[in-house]
Amino acid sequence: MCAAILSLQICYASAQMTIRMGEDSPLRKLQIAEMAITNLYVDSVKEEKLVEDGIRGMIEKLDPHSSYLTAKEVKEANEPLQGNFEGIGVQFNMVEDTLLVIQTVSNGPSERVGILAGDRIVSVNDTAIAGVKMSKEEIMKRLRGPKGTVAMLGIVRRGIQDKLTFKVIRDKIPVHSIDAAYMVRPKVGYIRIGNFGATTHDEFCESMKKLQQEGMQSLILDLQENGGGYLHAAVQIAEEFLQENDLVVYTEGRRIQRSEYKARGGGLFTKGKVIVLVDSYTASAAEIVSGAIQDHDRGIVVGRRTFGKGLVQRPIELPDGSMIRLTVAHYYTPSGRCIQKPYEKGKQKDYAEDMLHRLKSGELMSADSVHFADSLKYYTLKEHRVVYGGGGIMPDEFVPLDTTKYTRFHRELAAKSVVINANLHYVDQHRKSLHQDYETFDAYRRRFEVPQRIIDDIMAEAEKQNIKPKDEAERQRTLPYLRLQLKALIARDLWGMNEYFMIMGETNDALTKALTLL
């Protein structure tokens, strides 16, 4: 830095803000401190790191959602929302320090050259990646690369003695945000959205048209565990349910004027019944959709109070590719409710532990434990039903968290990868026979029972890792859900995520409640 610098320009989008630094400016004080440390401090310091730490220090004193991202973190954060990345096109998991291909992306670069589910990738461009204790992140770095570049993959295939070599030309790989879309009952469709990204609306419309062709008259929209994403994608999804000029959401901040987002009309599903499933991890863009449907009395919200993330971040790009995501406004539902839950500036730990507080207070088990002041009372726009602001979207129909379903024993088995590893081993050894025995998913869903030997293997591995149930009763309570989870995981590896959720839906209490209401 140079003392002669009198202005700092920060670019975001196509606009520019110029901050003038006079002699009495606090920014001038910060600049002098940085110069003094860089030039006079007793030990050498990295100026870039010093500046980054300074930025992080300022942001930590703000709200919980303002943040600083390095250039690498910016790229990683954007990929799931952009709808694609560039690579070889496989879904994989690590089994005994070896990369096991779970599935190839349909018509992706790996499938086109003949790589199969069950193959083990042992080398990339003559560099061994199996048996060398390489991190998953490092392996992904070697597999990904710009479109058009070549990855020479060494493959070990079950039943073939010699190592195979495949030349894979990297390409754009789609990242889908619709986890599942199927007919859950006659005339009742189900769509689960995992996040709101660049391709979400196109995926949603495609799924809706398919379900409508199958006779869908009512829709269950599952936004449980949906952490949000792009505002524009949320507005597009809400538009498919609302009438022309219906307000979807508005934003407003100290220096940001009110900005309204309204439905354009002509939505795909403006008449049929709608139920939205939410939970404590439904956040941001997902809360915008939930709030708009609830406020316009377009549908019923079922589940537990949502996360309460209603702060608008503006990306401020820095010259080295890093970024500040600065909170500039609040989100408000059409009735005027602020989505953001209360917080104290700089107290990120308290904010992060909000779910623990909800659990301890009993909120997740009973709607009666949530009390709202009269000042937080609002009314829906058509039927004038009472709804509440003050943080998150409170459902119309509450579904308590069933803590008996997920035992401590099961949580430890899952946390230490015992369940997923048992599933991967079983599918790897029986993939061919499973496809022969169950030619269709419907046949699998009706007839497949998890073999006892998988359960025995899990229990043996648990014993080896000193994972023990409290008593025999806890072990027995664990088994039904464990069997269902294994059946769903095997279906996922044989077919896809759609089939996984079709099986897991059998234990989804919010989905069961929605079907009862319909």
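**Entry: the model.** I am working from a predicted model.

**Entry: helix H12.** I looked up H12, which covers residues 418-437. Where does H12 bend? I found a bend of about 70° at histidine 430. His430 is also one of the buried residues of H12. I listed others on the buried side, among them Val418, Val419, Ala422, Leu424, Asp428 and Arg431. Next I asked what covers the buried residues of H12. The cover includes three strands, E5 (90-95), E6 (98-104) and E7 (120-124). It also includes helices H11 (408-415), H14 (452-464) and H15 (472-494).

**Entry: the cores.** I turned to the largest nonpolar core, which has 47 residues. Which members touch the most others? They are Tyr444 and Ile490. H15 gives the most to this core, with 10 residues. I then checked isoleucine 490, setting aside neighbours within four places in sequence. I noted a second, separate core of 38 residues. Its members include Ile191, Leu231, Ala238 and Ala285.

**Entry: the surface patch.** I looked at a nonpolar patch on the surface, formed by Ile37, Tyr41, Val42 and Val45. Together they have about 370 Å² of accessible area. I placed tyrosine 41 in the loop between helix H1 (26-40) and helix H2 (47-59). Why does tyrosine 41 count as partly exposed? Its relative accessibility is 47%, so it falls between the buried limit of 20% and the exposed limit of 50%.

Notes. Residues numbered from 1 in each chain as written. Predicted model: local features only at pLDDT ≥ 70, side-chain atom pairs only at ≥ 80, totals over all residues. Heavy atoms only, no water. Bend = angle between axes of the 7 residues up to and from the residue. Helix = DSSP H or I, 4+ residues; strand = E, 2+ residues; numbered from the N terminus. Buried < 20%, exposed > 50% of the residue type's maximum accessible area, 1.4 Å probe, protein only. Contact = heavy atoms within 4.5 Å. Patch = residues over 30% accessible without salt bridge, like charges linked within 9 Å, V, L, I, M, F, W, Y side chains within 5 Å. Areas by Shrake-Rupley, 256 points an atom, 1.4 Å probe, with all protein chains shown as cover. Salt bridge = Lys/Arg side-chain N within 4 Å of Asp/Glu carboxyl O. Core = buried A, V, L, I, M, F, W, Y, C linked by side-chain atoms within 4.5 Å.
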